[in-house]
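Here are a few notes to read alongside the model. Have a look at it first, then go through the points.

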Amino acid sequence: MIRINDIIDKITEYHPQTDLDIIERAYVFSARVHEGQIRLSGEPYLSHPLEVAGILSDMKLDVISVTAGLLHDVIEDTPANPEEIEKLFGPEVLHIVSGVTKLSSLSFHSSRARQAESLRKMFLAMADDIRVILIKLADRLHNMRTLQFHKPNKRVEIARETLDIYAPIAARLGIYWIKNELEESSFKYLQPDEYEQIQTLVATSRSDREKYMETVKNFIQKKMEETDLKCEVLGRNKNYLSVFNKMVSQNLPFEEIYDITAFRIILASISLCYEALGLIHSMWKPIDHKFKDYIARPKANMYQSLHTTVVGPFGERIEIQIRTWDMDRVAKSGIAAHWSYKEGKKVDENISQKFAWIQDIVENQENFRDPGEFLENVRIDLFQDEVYVFTPRGEIKTLPNGVTTVDFAYKIHTEVGNQCTGAKVNGQLVPLTYELKTGDIIEIITSKNHHPSKDWLKFVKTIKARSKIRHWIKTQEKERSMTLGREMLHKAFRKAKLNFNTLVKSEKMEEIGAQFGFKAVDDLIANVGYGKITPLQVIRKIVPQNQEAAEDEASIFNKFIGRVGRKKKLKTGVLVRGVDDILIKFGKCCQPVPGDPIVGYITRGFGVTVHRTTCINALRMNPDRQIEVEWNQETSEVFPVKIRIISQDRVGLLADVVSNISKFGANILHATSETHDNKMVDSFFTIGVEDVSHLDKILSAVKKVKRVQDVKRVG
């Protein structure tokens, strides 16, 4: 366990003039309030805030950050309260600690809702003070280092969140050493068999790779010395997840992945970087589409470097990065390398502008209250590389890789996006689905009478575009649902001998809307139109249940929602909360099975369609049509699910795969297999499984088949 004196020594080394009294006081306070608490590892709980503070001092952060690191768990896990923190350590420390603190004290209907709101709170705090996420990253890094002490299901849950959220945040902030460690440890727990396989393969080839690395480094060093370019040449091994992803994406066995090792040339100035690039290209043939100039066009996280891939001395591909010493410092530390929170000063304004994407995430998520949708959109916002494009006036715009002309239109202005009818790229008309490339000049064609199309949701990439399109569609659907809801309520009220037109304007109706959780009566009426609330439920709030009204209500609602008559009652594996005998369909796009987190969407006349919460098609649907569903624990159904198997060809391969599927009692409903020129086999099986646990056992068994490289669920 790191000691407080070690942390103080580190801070003194990089910031000798700072006042360390606040850190010493924070240590004493943290030790007192955490006294008696033990981590799952058996260590005193104090070891965790100390390790977090140690990571922050490794990042050379200011004393306020390190102090907040020592205190980051005290509000959540101890009797300490915010007032006490502010009194002892000041409002700045309290603000950061509050931003890091999760929402564990509040009540949520699901763990996903809690996770979503905790992340939403964190992003809001990040937008105000970037130090919040730096402490959160240090906290997550140490938790991942001790993840082995959690239960297996909790390990997987934490590792998945780390890979989906925290590793991309570290990358966007330019802190690549944290990003790499988080990815590596997540991979270890999410895909243990694959991790062990890559680890073994890398270890077996280590000696050969070290010799290869030295050979290439000597080639580069000698070439630089010929023109008196003073530089340092480094070689590094890529992390295991990067190697595994390359094997899967390129359908290559480990032996054919040559660029496991990457090289870096560090020089004194920018001009020398370009000179070194010329020398490398004169020595080895460059691969054109693999060259990237991040010096002229820095990444949003301030990363700068020249990236080139060349055909090396033995006919293999070599990745080479060329940068200055300052660029190397930024590449290693990201935002921390530009830190200016010293002696009470605020962060440099230019640095804040570099991280405007955090504010964008906050703004883009304001309209997404559904936790599943929010989490998915955050992932999309975080996982992105950039393209650089131009307006007709020459203004440069930075957008995520893979964006379309519609995304660009919404980047300019919401109304430009809403009224977009076409686009010209480099003077030529292109379809709205055209994916932009760096250097493109885009002109958007608009029409005042034009409106967004629901089809746009199939190809737009940015959350801003998606949210604005969905907002427009939601507005239109709400108007239609308001009309239908009024009609349904009017009929039901008349049957119950109630005057709807009078009651809808009364305080009583406002009270009823509030009881259902709506701020306005219009929202209540719209949700009756959506099918989420029945007219009878509203009437019951006004008068005791009326049988005649109930029968009329049933006839209207059953026709609308797609109820199943008692004689035709279907056995289903899903229960719709609050509604019986309803038509249930399963989304063919994601094929949910018991154990998957699921969500239902009401479809007029067709009952409820059930999707996995992560299904991209479900995320495109109007959240107002969402209805809570849950798996029926008594069901004995078998559910179809599609899996993909990537393997090297050999005699008896498919027979062994089929045998491993069949021995678990799973019926093979459909199968296709294709062998590629490189002797890799791509197979798709649709199998019938009982639940997620049954599926996991089958996937694990198939992974152990000789020469199978990857097995995963499709959809």
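1. At roughly what angle do the axes of helix H7 and helix H9 cross? The answer is roughly 55°, and the axes of H7 (residues 91-100) and H9 (residues 131-145) come within 9 Å. Helices here are DSSP runs of H or I with at least four residues, strands are E runs of at least two, and both are numbered from the N terminus. Axes are lines fitted to C-alpha atoms, for helices over the stretch in contact, with angles from 0 to 180 degrees between N-to-C directions.

2. Before going on: this is a predicted model, where local features need pLDDT of at least 70, side-chain atom pairs count only at pLDDT 80 or more, and totals for chains, interfaces and linings use all residues. Residues are numbered from 1 along each chain as its sequence is written, and side-chain values use heavy atoms, leaving out hydrogens and water.

3. Who touches whom between the helices?

4. Now the strands. E9 (residues 420-425) runs antiparallel to E11 (residues 442-446), with five bridges joining them, and E9 is also antiparallel to E10 (residues 428-430), through three bridges. Strands pair if DSSP finds at least two bridges between them.

5. Two residues separate the strands in the E9 and E10 hairpin, where Asn 426 has a positive phi near 55°.
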